[in-house]
Amino acid sequence: GRDLLSLADLQPNEIQELLTLAQQLKAGEVKFDFQRKTLGLLFRKASTRTRVSFTVAMHQLGGHVIDLDPSVTQVSRGEPIQDTARVLDRYLDVLAIRTFEQAELETFAKFSKIPIINALSDLEHPCQVLADLLTVLENFGTLKGLTLTYLGDGNNMAHSLMIGCALVGMNVRIASPKNFTPDPAVVSQAKALATNSEVIVTDDPKLASQAAHVLYTDVWASMGQESEAEDRIPIFQPYQLNSELMALADRDAIALHCLPAHRGEEITDEVMEGDQSRIWDEAENRLHAQKALLASVL
Ligand code: CP
């Protein structure tokens, strides 16, 4: 199967094609009929957007969805992943997995003949970034040469944004506190992919926000680090996406957040509800981007 474990599994032209298809699907210009195709959802972690948008996307494409809740399958009782993968691919046509371990996705991909989609892991969130790029494209009509600034934890979102921006020719700046910077291996990977743009990692949120076209943020503690949330607040405070940082960005800049948001922490209520916010379109675009992705792998 053709897997999407990392955004780097896509070539630049493939991302462009997916975004074009997503726009056509959103405009109702193309239709698919994947009767008798089944998508499995194996989510080890709670989800609103990813779960609902994948489910609705598959239904709108004419196919079916089965929820493989680990607590009601043998997955939570220790059946080896290599066995589970070789059974599920006899029933399903595509499998989306949300897991705390990228290695688990890789094992599924190795042992399964159907496409495996990363629906969020400790390393990346590629489906989210497809929707983010679609939102940027809708707003600016282009991606090349634009600058996206990500403020906050150098986490899975920072990783996929770096790779995604590099692949489409956008400049990307990651502004994170010291000790919360992105994985250096992913930074190197993004720099190698960025043939026509810059990848910058800094601890200066103001400098990073200057003249940016997109200001992006995400929760300050996630993926099992939620217990550190209180301790992180003072460290991350300067990285809050607020009207002060918006004022430093390009006058036409937009604000994005993958959600769920903690208002008053990583983003202010004012920015979330302000004129420059495209956060609700961004959430909607999960549906269109994943429909395009499912159509392309099916
Ligand atoms: N952005 C995102 O992945 O949201 P959910 O965790 O609700 O799926």
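The protein exposes about 12,700 Å², of which carbon and sulfur atoms supply 48%; accessible areas come from the Shrake-Rupley method with a 1.4 Å probe, and for residues only the protein chains shown count as cover. This is a predicted model, in which local features need pLDDT of at least 70 and side-chain atom pairs count only at pLDDT 80 or more, while totals for chains, interfaces and linings use all residues. Residues are numbered from 1 along each chain as its sequence is written, and side-chain values use heavy atoms, with hydrogens and water left out.

The protein has 12 helices and 9 strands, taken as DSSP runs (helices H or I of at least four residues, strands E of at least two) and numbered from the N terminus. Further values for the whole protein are tabulated here.

| Property | Value |
|---|---|
| Span of the C-alpha trace along the principal axes | about 55 × 45 × 35 Å |
| Residues that count as buried | 54% of 298 residues |
| Distance between the centres of the positive and negative side-chain sets | 6 Å |

Buried here means under 20% relative accessible area. Among contacts (heavy atoms within 4.5 Å) between residues at least 6 apart in sequence, 74% join residues at least 24 apart.

I116 lies in strand β4, which covers residues 116-118, and is buried, with a relative accessible area of 0%. Leaving aside residues up to four places away in sequence, I116 touches R2, D3, L4, L5, L95, I97, L105, F108 and A109. Between I116 and Q11, which are 105 residues apart in sequence, the C-alpha to C-alpha distance is 17 Å.

How values were computed:
Buried means under 20% relative accessible area, exposed over 50%, partly exposed in between (1.4 Å probe, protein chains only). Lys and Arg count as positive and Asp and Glu as negative; His and the chain ends are not counted. The place of a charge is taken as NZ of Lys, CZ of Arg, CG of Asp or CD of Glu.
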